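This report sets out selected local features of one protein chain. The sequence and structure are shown first, and the discussion follows.

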Amino acid sequence: MPPLASVAPADLRALFDLPAASEPEPVAAVSERDIAGPAGDLRLRIYTPAGEGPFPLITFFHGGGFVVGTLDTHDGLCRGLCNRVGAVVVSVDYRLAPEAKFPAAPDDCYFATQWCAEHAGELNADASRLVVAGDSAGGCLAAVVAQRALSRGGPAIAHQLLLYPVTDRNFERDSYRDFAEGYFLTREMMQWFWGHYLADDADASNPAAAPLQASELAGLPPATVITAGYDPLRDEGRAYADKLQAAGVDVYYHCYPDMIHGFLSLPLPFADGARALGEVVGRLKSALISD
C-alpha cells in the first residue's frame with residue numbers, strides 16, 4: 001500500500017476491487033434495477049432466495065470508508081445472507097465520496113430503504129420484517145437509516161445489523177492507538193476516508209455522519225453489533241452498542257477477539273468469518289421468522 005497522501009480515490013478503489021476467492025454462491029435469483037434516487041439513478045442489486053415468499057427484507061449498505069467498495073465487493077456476503085436467512089437482500093450502490101460528500105450516502109441509503117418498504121410486494125418481500133444492515137461505513141449508514149426512520153416516522157425497521165461499524169470520528173480511542181497500523185485497516189486510512197467524506201469538520205458532530213453523536217437513541221429497533229478484536233473501530237462499535245443498551249434498546253454484542261476489520265467480507269478463509277455469519281443468521285432468524 002503506497003502512502004495514502006499520494007493516492008487518489010480512484011486508485012484506491014482499484015486496489016480494493018479484489019477478486020472473489022471462489023465462484024459466487026448461487027442464489028435463486030439475482031437482478032439489478034435503477035430507481036430514481038435523490039440525485040439521479042440509484043442502482044440496487046436484488047438477491048432472492050428459493051421458496052414462495054413473501055420473505056424478510058434486508059437493505060444492505062457496503063463498507064469501504066464512504067470512498068471505496070461496490071456491489072461486487074460485498075456480493076458474497078449478500079448471497080450468504082440471502083440463502084441462510086431466507087431473505088430478499090437489496091444491496092444499495094450509494095454515492096461515494098469525494099465526488100459526493102456527506103450527506104449524499106445517508107440520503108441515498110434512507111431513500112433506498114423507503115423505496116424497498118414501499119415496493120416490498122414487487123420484491124416478494126414483507127415490509128413488516130425489514131432489516132437495515134451494513135459493515136464498516138455501511139454499518140454507520142445502517143445505524144443512521146435506523147435513526148432517521150425513527151425520527152421521520154418510517155419506514156418501520158424490525159432490526160439493525162451493524163458489522164464492525166463506523167460510529168464516530170475519534171482517532172484517540174484505545175483501539176485506534178493499539179491497532180494504528182499492521183492489521184489491514186489503519187488509523188491513517190480512516191483519517192483519509194473521513195477527510196474525503198466530510199465537507200466540513202463541523203459535520204463530525206452530526207449524528208447523520210457519526211451515529212454515536214446522537215443524543216437520544218430510545219425507541220430504535222433491536223440491534224446486533226459485531227466487532228473485531230484487532231480493529232481500530234472496535235471501541236467505537238462497542239461504545240455504540242453500550243449507548244443503545246443504555247437507552248433501552250435490545251442489543252446483542254459480540255467481539256471476535258482474534259479477527260481484523262472486514263473479516264466477514266474479505267476474500268480470505270477466516271474460520272471466524274463462517275462462525276460470525278452463522279451467528280448473525282441465527283440472530284436475524286430469531287428476530288424475523290415466526291412459526
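## Contact between helices α3 and α4

In this predicted model, A105, P106, D107, C109, Y110 and T113 of helix α3 meet L141, V144, V145, R148 and A149 of helix α4. The residues of this contact comprise eight nonpolar, one polar and two charged. Helix α3 spans residues 104–118 and helix α4 residues 137–151; their axes come within 9 Å and cross at roughly 65 degrees. The crossing is right-handed.

## A142 in helix α4

Helix α4 also contains A142. With a relative accessibility of 0%, A142 counts as buried, because burial requires a value under 20%. Leaving aside residues up to four places away in sequence, A142 touches F61, V132, A133, G134, L161 and L162. The C-alpha atoms of A142 and P106 are 8.5 Å apart, although 36 residues separate the two in sequence.

## The second largest pocket

The second largest pocket holds about 190 Å³ of space. Its lining is formed by V144, Q147, R148, L150, S151, R152, P207, A208, A214, E216, L217 and L220. By class, these lining residues are seven nonpolar, two polar and three charged. V144 and R148 belong to this lining and also take part in the contact of α4 with α3.

## D272 in helix α8

Helix α8 covers residues 271–288 and includes D272. The relative accessible area of D272 is 11%, so this residue is classed as buried. Beyond residues up to four places away in sequence, D272 touches Y256, M259 and F263.

## Backbone features in loops

Most residues other than glycine have a negative phi, and most peptide bonds are trans. The bond from G53 to P54 is cis, with omega near 0 degrees; P54 lies in the loop between β2 (40–48) and β3 (55–61). A97 and P98 are likewise joined by a cis peptide bond, with omega about 5 degrees, and P98 is located in the loop between β4 (88–93) and α3.

Y164 sits in the loop between β6 (159–163) and α5 (174–178), and F184 in the loop between α5 and α6 (187–197). Y164 is buried, with a relative accessible area of 1%, whereas F184 is partly exposed at 35%.

Definitions and conventions
Residues numbered from 1 in each chain as written. Predicted model: local features only at pLDDT ≥ 70, side-chain atom pairs only at ≥ 80, totals over all residues. Heavy atoms only, no water. 1 Å grid on protein atoms, 1.4 Å probe; cavity = no way out; pocket = protein on both sides within 12 Å on 5 of 7 lines; lining within 4 Å. Points joined across faces, edges and corners; volume = space filled by probe spheres on them. Nonpolar A, V, L, I, M, F, W, Y, C, P; charged D, E, K, R; others polar. Axes fitted to C-alpha atoms, helices over the stretch in contact; angles between N-to-C directions. Helix = DSSP H or I, 4+ residues; strand = E, 2+ residues; numbered from the N terminus. Left-handed = near helix turned anticlockwise from the far one by under 90°. Contact = heavy atoms within 4.5 Å. Buried < 20%, exposed > 50% of the residue type's maximum accessible area, 1.4 Å probe, protein only.
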